[in-house]
Amino acid sequence: MSSSTPTDQEIAKKARKAGIASFIGTTIEWYDFYIYGTAAALVFGQIFFSDELSSGVATLLAFVTLWAGFLARPLGGVIFGHLGDRIGRKNTLVITLVMMGIATVGIGLLPTYAQIGMWAPVLLVFLRIVQGVAVGGEWGGAVLIASENAPKGKGILYSAFAQQGSPAGNLLSTMAFFFLAALPTPQFMMWGWRIPFLLSGALVAVGLIIRLKLEESDAMKAVLARKKTVKLPIKEVLRKHWVLVLLGAGALPLAQVTYFKNTFALSWATSELGYERGTFLAIIAIALVVQFIVQPFGAVLVSKIDMRKAMLLMIVPELFLMPAMFFAIRTETFAIAAIGMCLATIPHSMFYGAIAGILARAFPANIRYSGLSLAYQLCSLIVGGGTPVLAQYLLNSSGDVTGVAVAAACYAAVSLVCTLALLKRTGYDPKAPSVAEKSDADELALEEAEAAAERDRRTPGTEDGPRSDDTPRDRVHA
């Protein structure tokens, strides 16, 4: 074995390091992103908008500011997808982490509407947009730094490291507000809600140290070494792979139902039902623990069996369990609400654990960051940020949660159809290379064969070049 060839142990060690770094980084990024949703449900409608507005309208406007972050996420996906496909995954992940930290701490320092009037919601929206750009560029890079460094055939499993950052960050944000919910309401509204945002500064410093020590993925190193980067990756994606982008975006609504649970349901339960803030935050925290535990099994399941069958097993139950969750919450009984939310969490959590690896397999390596990010953030733009807005609108319009329950079931149905269509184009066998991966491998093999042939032509003693002993005298003798 050549000394330059890494051993299996070295490959495994590098994969673990990349996976852990991906998990820690995404945990911090999602913590920052999710604390905004929690604060929007509990606080922002009351302190960043005029007190002349009704409670329902103020909450709706707070959810619109939440949506601003989702509107900005495709922009982040395009910008950092371009950079990630041109200069590498690692550098973009450092930039996105710093951006997210600055924006989150800035929100924690914002004056309220009572202090600066309309500038309060304007500045809030601006910082939320910065958050959206950062997380829009973060997700694709984190998935790829884990999956591309994985041992052969384990890309879907290692992509789950990045996905674990979502429930971990969500749980951290929920627990931060859970402990602060014990504060008297005036203190919570005045300064208590700011603490989780200000803590982000310390978390980002830790994440930055870890990311600066991270190695570039081997797949990206190969693209850079072969000078196969694309001048405008997003143009290449839209020109050749737009169907995969649309199918990928269509597969992802089920990943966005968390905003039905953790944002809309929190506001609904604490403002219109009889739940205390701390009580319902405890229910959400229990469901997030369940999500953190069961989510990796989605990647395991998809890696073991035909991916179509795995997706059916994960998505079909959500058609019934997510709508049932709202009626469980409406009982205003802690145990029933907690069981309902936990059961609804299991299918979409497993789906979320698997879908990143499936999407990463869909695109060639030299445009993978752009393609992956665009698909995910397109769904976030249309569905993610709009979910609590849609749910609150349906509730305001009818005064009943049934419409919200039906909308949640529709998310699962759309995801099922689009995921199966995506797998039809990329391949069903988790152990075999996808269509894009096979194309990359074939292209590399062809380049190596052409390079070897060129070396043979240039090397004396080969069939196409002069032999070292084939002197003119020899030719005369012959």
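Predicted model: local features only at pLDDT ≥ 70, side-chain atom pairs only at ≥ 80, totals over all residues.
Begin with the largest nonpolar core, which holds 125 residues, and select F44, W193, F280, F326 and I329, the members that touch the most others. If you then colour α1, you will have marked the element that supplies the largest share of this core, 15 residues. In soluble globular proteins, nonpolar side chains tend to be buried together.

Keep F280 selected and show what surrounds it. Apart from neighbours within four places in sequence, F280 is in contact with K261, A265, L266, A269, T270, Y275, I329 and M341.

Next, turn to the empty spaces. Rolling a probe the size of a water molecule over the atoms shows where empty space is left. The structure holds 3 cavities of 30 Å³ or more, and the largest cavity has a volume of about 120 Å³. To find the largest cavity, select Y34, S166, A255, T258 and Y352, which lie nearest its centre among the 15 residues of its lining. At least two lining residues come from each of α1, α6 (155–180), α12, α13 and α16 (334–360), and α6 gives the largest share, 3 residues. By class, this lining has 8 nonpolar, 6 polar and 1 charged residues.

The second largest cavity, of about 70 Å³, is the next stop.

Now move to the second largest pocket, which contains about 390 Å³ of space. Of its 25 lining residues, select A41, L42, Q46, M189 and S271, which lie nearest the centre. Among the helices that each supply at least two residues of this lining are α1 (8–47), α7 (185–192) and α12 (258–271), and α1 gives the most, with 7 residues. The lining of this pocket divides into 11 nonpolar, 11 polar and 3 charged residues.

Finish with the cysteines C410 and C418. C410 is partly exposed, at 44% relative accessibility, whereas C418 is buried, at 16%. The structure as a whole holds 0 disulfides.

Technical notes. Residues numbered from 1 in each chain as written. Heavy atoms only, no water. 1 Å grid on protein atoms, 1.4 Å probe; cavity = no way out; pocket = protein on both sides within 12 Å on 5 of 7 lines; lining within 4 Å. Points joined across faces, edges and corners; volume = space filled by probe spheres on them. Helix = DSSP H or I, 4+ residues; strand = E, 2+ residues; numbered from the N terminus. Nonpolar A, V, L, I, M, F, W, Y, C, P; charged D, E, K, R; others polar. Core = buried A, V, L, I, M, F, W, Y, C linked by side-chain atoms within 4.5 Å. Buried < 20%, exposed > 50% of the residue type's maximum accessible area, 1.4 Å probe, protein only. Contact = heavy atoms within 4.5 Å. Disulfide = S-S within 2.5 Å.
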